[in-house]
Amino acid sequence: MAEEKQVMDVHKGPSPVISPGYTFGTITDQISSVVLTRQTPVFWLAIFSVAVTLLLVFLGAITLLLARGVGIWGIQMPVAWGFAITNFVWWIGIGHAGTLISAILLLLNQTWRNSINRFAEAMTLFAVACAGLFPLLHMGRPWLFYWMLPYPNTMGLMPQFRSPLVWDVFAVTTYALVSLVFWYLGLLPDLATLRDRTKNRFGRAVYGVMAMGWRGASRHWNIYETASLLLAGLATPLVLSVHTVVSFDFTIAIVPGWHSTFFPPYFVAGAIYSGFAMVLVLAIPLRRVYGLEGLITQRHLDNAAKIMLATGLIVAYAYIMETFMAWYSGSTYEMSIMWQRMTGPYAGAYWALILCNVVLLQSLWFKKVRSNTLLLFLVSLVVLIGMWLERFVIIVSSLAQDFLQSSWRTFSPTLWDWATYFGTIGLFLFLFFLFIRLLPMISIFEVRMLVPEARVEEEASK
Amino acid sequence: MNEKPKFDLERLRAILAGKRGREYWRSLEDLAGSPEFEEVLHREFPRQASEWPAEDAAGRRHFLKMMGASLGLAGLAACTRQPTEHIVPYVRQPEGLIPGRPQFYATAHTVGGLATGLLVESHQGRPTKAEGNPEHPASLGACDAFSQASVLQLYDPDRSQALRYNGEIRSWGAFETEIRKAMALQRASGGAGLRILTGAVTSPTLGDQMQQLLSELPRAKWHRWEPAGDHAARAGAMLAFGQPLNVYYDLRNADVVVALDSDLLASGPASLRYARQFAERRRTVSGQPGMNRLYVLEPMPTPTGATADHRLPARAADIEPFTVHLAAAVGVQIGNAGTVEHPEWQKWLPALADDLRAHRGRSLVVAGDQQPPAVHALAHAINQALGNVGSTVFYSDPVEVDPVDHLASIKELAADLDTGSVKLLLILGCNPVYTAPADLNLRERIQRAQFRVHLGLYDDETAEVCQWQLPESHYLEAWGDARAFDGTASIIQPLILPLYRSRSIYEVVGLLEATPRLEGRDIVRSYWNRQRPGADFERFWRRAVHDGVVPGTALPTRTAEVRYGWSGTPPERGGFEIIFRPDPAVHDGSFANLGWLQELPKPVTKLTWDNAAVMSPATANVLRVENGRMVELDHRGRKVRAPVFIQPGHADGCVTVHLGYGRKRGGRVAAGAGFDAYALRTSGALWNDFGLNVRDTGGSYELATTQGQHVLDARRTIIRHADINSYLADPESAIQDTAPPRELFMYPEVKYEGYAWGMAIDMSVCTGCSACVVACQAENNIPVVGKDQTARGRAMHWIRIDTYYQGSLANPELFHQPMLCQHCETAPCELVCPVAATAHSSEGLNDMVYNRCVGTRYCSNNCPYKVRRFNFLQYSDQTTPSLKLLRNPDVTVRTRGVMEKCTYCVQRIQQAKIQAEKENRKVRDGDIQTACQAACPTEAIVFGDINDPNSRVARLKNEQRNYGVLADLNTRPRTTYLATLKNPNPAIEAT
Amino acid sequence: MAQIFHHSTNTIARITVIVPLIVLVFLGWIFFELDRSVYATRASDVREQPVPFSHAHHVGGLGVDCLYCHTTVETSPFAGIPPTKTCMNCHQQIWATSPQLEPVRESFRTGRSIEWTRVHDLPDFVYFDHSIHVNKGVGCETCHGRVDQMPLTWQHASLQMSWCLECHRQPEKYVRPREHIYTMGYEPPEDQLELGRRLVAEYQIRDARALTNCSTCHR
């Protein structure tokens, strides 16, 4: 212990990522115990049952959807895209934080990421899963989804590659695949750990198979390091590309309120913004319940909060530019759309999103707020809501009152719109809570790298 | 009317509450039998649009199939395999019939007894579509919404399908024996107890039959009741000339037209003809002057009013005083007209009078059928004073057989029923229990006749109180004849054998004759044979049937002198005025069960599936009610509850209600639609009356309109308009072109060699009558979606009439704009479709491939005109057998989840092209007529090849006033519009 | 600590990585083939008919002209299935008592139509017009095959969209002189492309762009 302190003093760096006192052993024990413990915490059971209920609602909703058609939703002419696409964009956005943390921060050697990247990646995966469902479900004839893929068919036809929806298909599937592989690769060493620590044979067998014979040999580590670096490199552009492509769905269209060139950065920023909000919303309760404050420290929350603040400000800037451009364009339609957003039938939603995404966010300037986990949690929740509203307003208000006054009509969601939306939240929680129960939610071996011993060795080896 | 359904739903929910799983399903199935369930079901989702299939077995199978499909198997082997189908050739093929090619037969459709000539398209014996008959004076090739929808009526599954006695099915034989007995008794007494009630009859044959019968049975009586007939016009003629004369007009010679509460361009037996003539004088091709001028005074905005150069809202009762002043002003000797208080009138009358006097012999004053006799008499006087008779106004003997005062006639019947002198009552082809004045209370009275027979298309309100309900043959199923507005007779030729065991009115009257005649064809033919005896009859007959008009049957014009000295009876004023009008969509209620018409957005109001208490914004203010508020209309003690609809441009202080709704036994489509305005209509005041009290009940009711009332945003290039003089002076500045210059286009220009299809729509002559909407629906198998879906904004019409307002709420200027797929050359919809289901053709068509569509709806989002329509649910009815016969085999029937839109009737284009290419020639201009174009009475819609400089459409597109809607988006629409030109009177404009 | 897995697991592991890939590719291939198989297209599957009518006998044997029965092929989208009357023209004399022909005679007596089973059946959203094809130099044989050699009729081509497009994309490869429209066993000359181009010009057949418009077949 004593030398440890000295080392710390000798090594002047930022305040430690994880609170002092951890050893390799304690870390491994604490994290793996969450999975290997016999009794399941009440908190877990409570949330999980909620998740299952919502999941059932979701299944009911899509069964009816497939039986009757998208007519069960509130969409109509002219608002032919409603909740489905809103949710799609929202979920995809949330996913981004995970990839950012795991890939970009890895490349940037941000060691603090090590204790949050695992569940952030999981979050990404499940968010993308939820997102991916909507483009399929919102189709009039979902059973023909594969017509969007280029494959040799008897019709002698190909998809129409000028359509952003086709780009979406590729962007999202690539993203899902890379995230999955990256995540699983990172799991290998820890799966091995669990394999070696589980008492019951079944568990051992399962973790054993999943660990793919990881023995921690230096050769393994070598390959692992290279692979994860490569994947990180591969994933990094995706962080930017995916939401850029998603934003094309709107910018390519001539609809006033959609048709603008700054959507890509605007959407990417918004994505990371909402993503980190979700990270916090998940991290704060988890560290509390599982007593992981030592591993997911104030520093993590603080950094996440700062990133939120930064991206949030970009989004705010985008709002301003959006309004400015509408005026600057001199286009009747653009101006009328902005005016309608602020004063028309969706004014409520618009000002609500401004409040959530811009006004309340400013509180993060204060260290007091950033260090108060409860407040931070609430702010993050608010941001999630705000970002959903943003997508809703962009999509619906633009469609509701575009060019021809004669066809203006406001959109009102039906019961089934809500059921499908909350249903996917159920799906997300369901998957996520299975994950934290069955897999280490924090990367054991990566956190171990943060322990002073690790560094000592490094220095010794120099 | 609005509570009841709610209650039903409540009940259903109650029954279903607490049921779970299988039990729930079972109880649903049990329920399915119960009447109120059916009722609710079919109000919410009418027959043609059942949202229900998902619930029944087929639906579940469908669902399973889809689940299987969504596993990724669809489109692969299992599903592309064609099911085995059969071909059923003729045994002996009819002559001249080419399987796979439609044939056209001339016939005629009657509304209120008066005929409109039609050419009906038949596919291997199935009538599918009605077009106008160019040879027929009342059609001139155009076709109104009623005639279009009459084809749907033929296949209406709710038609009365079997002869019933007290509700039990009987054979015609049974009825024949009964009626013979009854007639035998009557013959003994000279027909003292025999009463026959029909609608207005112009059929020479039927008239002849009736006169025969009455001569045999001198004491029998033939009563007439036409709920929306031109009673007042006839009375007016009596007043003016002392004899019932038929009046009709020629608008070709009219420079100035004054319509006094008359919708002559869009309703009435000759409206198609008048609209055509009006348009001929309205159109200013390459700016040649000579445009006519139209003044309209009316309470409720009509297509005619919307087209007018000057429109003045006025209560129905104010028309008479105005006319008196006008008459005085143009120099008719009618004593002292008194002084004019109304400020607007002070402005109008002198200007109007000058304009009329300046156009002696070339002007026209028309009084509306719903105006009191005095106004008609005054109009006659004015026209005579202006020397218009013989140039714009013509008189002839009445077209109706043995013209009687319908009101007196029905009253007399009511009285006789009270005395019990009526033994045998035959109600043929009309529905008096529903349509007769409320105070006559025929529902009770009719039941005082011992032997009651009703012949009708539907088992309706009247059938309910008659022992015998005889199914009537539809006009497409039976022989007959009828006269048009000017007396021209047409032979009504059937296109198909009766679908059910039904008979025509001719055959039923034939039963009553001493020697019963049963064959409709013989009855009609023998009559005409007596008119045209001789060897050449066969030729005459074939020709008459083939052409659809009997040559030389137009009634000779008459001259008549107006006798003065009558006086109108000013109604005692007090309270609000109630105004009754036939509904533009369902007329007097006889079309109430036709989904096409129920869902047709009514001209101006855009209301569907309901009638309403229509009032002006100011009046609504006074009453403190908003749209959809339920009010109680209390007219001299008679009460109904009705939803409020606020219509800018409606006259203040009056409420317009439309007839034909609130049917009790109208069929499943009509069920629950609107309220019954007949309940307020008494013999004292058939069309308008004061003494209406409006009480706010606090309840509200959802009215399904297809668009809001939008004030025109001048900055958007949607409507372009100018007045004729400034346009002729300087066309360029009057109508600017907003399309960006082509040089600015980044991409290489696409060349269209060969054909380049395009359309031009002249908004100066479009009256917004909406005939095109129904024509399109009939041609393209467009489903009816029901009120619920329409209210959600999911109506499927491929062409709609957009209406915009400009100016004051009290009296705005209205603009109609038919809006359909613009077939943009740079179509925004095309590049966003992920599967290329909508793509550009080499002829500039924006093709829509239903079977490729996966339903992302992105194309619709990106369509600035919002003309694309999506099958959010399974809308097209694929279960009702009779409706399958109605389908146009040349157009795909779309299923759920597929986008659709106007195709410029590509099936007709292909047909014409194939024909032309077989003859190695180009398609000639006019070979192709889109359905909307064919129906349009004013020829406002013109379609053709814009690459051919001599085509009509190309010439129209060269007009300066030709512009593209939203052309500033560089969509390069192939459908362009000719700006509205108006010809206002400077004298009125000035102030 | 004890071994959880036997040594062989390594191999199994490797296999489990490889095999799914192979299976996937294989399935893809299966679907690809199935989609084009005669099972899916129903090509060359002989349909049961109420009367075992033999084109081989009537066309091949007796040399009855196509137009004798399919009268409307040049004038209508629908080639036309002969009314019973047409059959009886001959069969009142020939085979007037053959039991096989009883359904025909019965139909003629009762006036009830014969229900033939459809052999060439396009989906309802495809609008094929015989008359234009026949008029523009597409022979019966090109789509229907050697009908004169079919004892019972079967579908010759796949009738799949890609098959239609083959010709619509380059008609010159298939068109033949008008006088050979109804010829069976017509041998295209070596210079078919040469001839084809000439005929395309002569018959004023529109270019591939126009022939492949969606609305050419779908309405």
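**Strand β24 of chain B and its neighbours**

**View 1. Antiparallel pairing of β24(B) with β27(B).** Six bridges connect β24(B) with strand β27 (residues 688-700) of chain B, and the two run antiparallel. Strands are DSSP runs of E with at least two residues, helices are runs of H or I with at least four, and both are numbered from the N terminus; two strands pair if DSSP finds at least two bridges between them. Arg629(B) lies opposite Ser700(B) of β27(B). This is a predicted model, in which local features need pLDDT of at least 70, side-chain atom pairs count only at pLDDT 80 or more, and totals for chains, interfaces and linings use all residues. Residues are numbered from 1 along each chain as its sequence is written, and chains are lettered from A in the order in which they are written.

**View 2. The hairpin of β24(B) and β25(B).** Strand β25 (residues 638-646) of chain B runs antiparallel to β24(B), joined by six bridges. Val640(B) in β25(B) is the bridge partner of Leu633(B). Two residues separate the strands of this hairpin, and Arg636(B) in the turn has a positive phi of about 50°.

View 3. In strand β24 (residues 629-635) of chain B, seven of seven residues are buried (under 20% relative accessible area, with a 1.4 Å probe and protein chains only). Arg629(B), Val631(B), Leu633(B) and His635(B) point one way, whereas Met630(B), Glu632(B) and Asp634(B) point the other way. Of the 991 residues of chain B, 64% count as buried.

Definitions and conventions: Heavy atoms only, no water. Buried < 20%, exposed > 50% of the residue type's maximum accessible area, 1.4 Å probe, protein only.
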